[in-house]
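Take a look at the protein below.

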Amino acid sequence: MGEKTLDDLLQNCSKNKVIGNNLVRAWSKINSKKYNKILCSISGGSDSDIMLDICTKCDKDNKIDYVWFDTGLEYQATKEHLKYLEEKYNIEIKPYKAIKPIPLTCKKYGQPFLSKRVSEYISRLQKHEFKWEDEPYENLLKKYCKWNEEKNTYIGCKAALKWWCNEWGNNSRINISYNKWLKEFMIQNPPDFQISNICCKYAKKDVSHKLISEFGYELNIVGVRKAEGGTRATAYTSCFDENGKNKNGSYDNYRPLFWYKNSDKEDYKNHYNIKYSKCYTKYGLERTGCCSCPFGKDFEYELEITKEYEPKLFMAVNNIFGDSYEYTRKYKEFCKIMNKKNKEIRNIEIN
């Protein structure tokens, strides 16, 4: 077999211009003389499958090392799919375990609830023994933060209090009001368990940074899509950024799928005959990753699926995230009640 060329790649390319332009960009990044060592994180999910296909098509000099972060809460179907990918592309996808296992992290620091941002702010407030009280922002600053003479400002849980008091600007996604009725719910139902977003940090983010630093990778490739939304996607404005820092110097980050919409992803799958894992084709899930993560809006459905197909994993996640599941259920029920009350009040006012 001859050497891979960009012309050969484009001859068999999809007619979708987003895909064509993306392949040219990926070829340019991956084969740049700037990079001799490249890391690519594979999850076994659908986005990851397409990213892997792009990388193997473009990596003419086999510079990319593929890794998978085993959080300890992965579907067996995902593990089987990773073996299939290794055979299909004749590559090794090396597994790495979490720096701190998720069960230990959740027990020590707290369980994830609702979203990463919400969990982070709740965690900060819990550390300052916040009483979940409805007072003006200025009053709460004096109560829970310390005045720093040198910086001429309050320090402590200032950002979290701004979230609680909706002080991040009108209609800001960062305000607690972005999650309807959440503040009212928490005032009436203060959490009696620790909440945190840190499990992702120890299971994936820190593992990646450790690898980049230890092995001197110069380019880090991840499967983030802007259309997917969430904290990960909104943290970036482009598919590429330079000069991440580690002890061996700097590295760049590349997100090949960043501009792919769902339709582009589907076009790629059909044109290049991409086969997804059983999590999608058999279980009917729309996402993979940590099983039944409380951050997932459809975790109840995921729990049903997990109970049916992977009962041992079902027992594990309920032991780890059980408090968060119950708290989320109470919050959702509270929202239904409040929405119904509001509707009744509006009907009375109209009549």
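## What counts as buried

A residue is called buried when its relative accessible area is under 20%. Cys40 has a relative accessibility of 0%, so Cys40 counts as buried. Keep in mind that this is a predicted model.

## The chain as a whole

The protein chain is built with 15 helices and eight strands. Its C-alpha atoms fill a box of roughly 70 × 55 × 45 Å along the principal axes. The chain has 351 residues, and 48% of them count as buried.

What share of the contacts with a separation of 6 or more joins residues 24 or more positions apart? In this chain, the share is 72%.

## Surface and charge

The protein chain exposes about 19300 Å². Carbon and sulfur atoms supply 48% of that area. The chain carries 61 positive and 48 negative charges.

The largest nonpolar core holds 63 residues. Which of its members touch the most other members? They are Ile42, Ile54, Tyr66, Ile102 and Ile221. Helix H3, residues 46-58, gives this core its largest share, with six residues.

A second, separate core has 31 residues. Tyr137, Trp164, Leu182 and Tyr327 are among them.

Back in the largest core, take Tyr66. Setting aside residues up to four places away in sequence, Tyr66 touches several partners, including Cys40, Ile42, Leu52 and Cys55. Its contacts also include Ile91, Glu92, Ile93 and Lys94.

## Cysteines without disulfides

A disulfide is a covalent bond between the sulfur atoms of two cysteines. How many disulfides does a search of the whole structure find? The search finds zero.

Cys13 is in no disulfide. Its nearest cysteine sulfur belongs to Cys58 and is 9.8 Å away. Cys40 is in no disulfide either. For Cys40, the nearest cysteine sulfur is that of Cys55, at 4.1 Å. The cut-off for a disulfide is 2.5 Å between the sulfur atoms.

Is Cys13 buried or exposed? Cys13 has a relative accessible area of 14%, so Cys13 is buried.

## A buried serine

Ser324 lies in helix H15, which covers residues 311-350. At 0% relative accessibility, Ser324 counts as buried. What surrounds Ser324, leaving aside its neighbours within four places in sequence? Ser324 is in contact with Gln111, Pro112, Phe113, Phe193 and Pro294.

Conventions:
Residues are numbered from 1 along each chain as its sequence is written. This is a predicted model: local features need pLDDT of at least 70, side-chain atom pairs count only at pLDDT 80 or more; totals for chains, interfaces and linings use all residues. Side-chain values use heavy atoms; hydrogens and water are left out. Buried means under 20% relative accessible area, exposed over 50%, partly exposed in between (1.4 Å probe, protein chains only). Helices (H or I, at least four residues) and strands (E, at least two) are DSSP runs, numbered from the N terminus. Contact means heavy atoms within 4.5 Å. Accessible areas come from the Shrake-Rupley method with a 1.4 Å probe; for residues, only the protein chains shown count as cover. Lys and Arg count as positive and Asp and Glu as negative; His and the chain ends are not counted. The place of a charge is taken as NZ of Lys, CZ of Arg, CG of Asp or CD of Glu. A nonpolar core is a set of buried Ala, Val, Leu, Ile, Met, Phe, Trp, Tyr and Cys residues joined through side-chain atoms within 4.5 Å.
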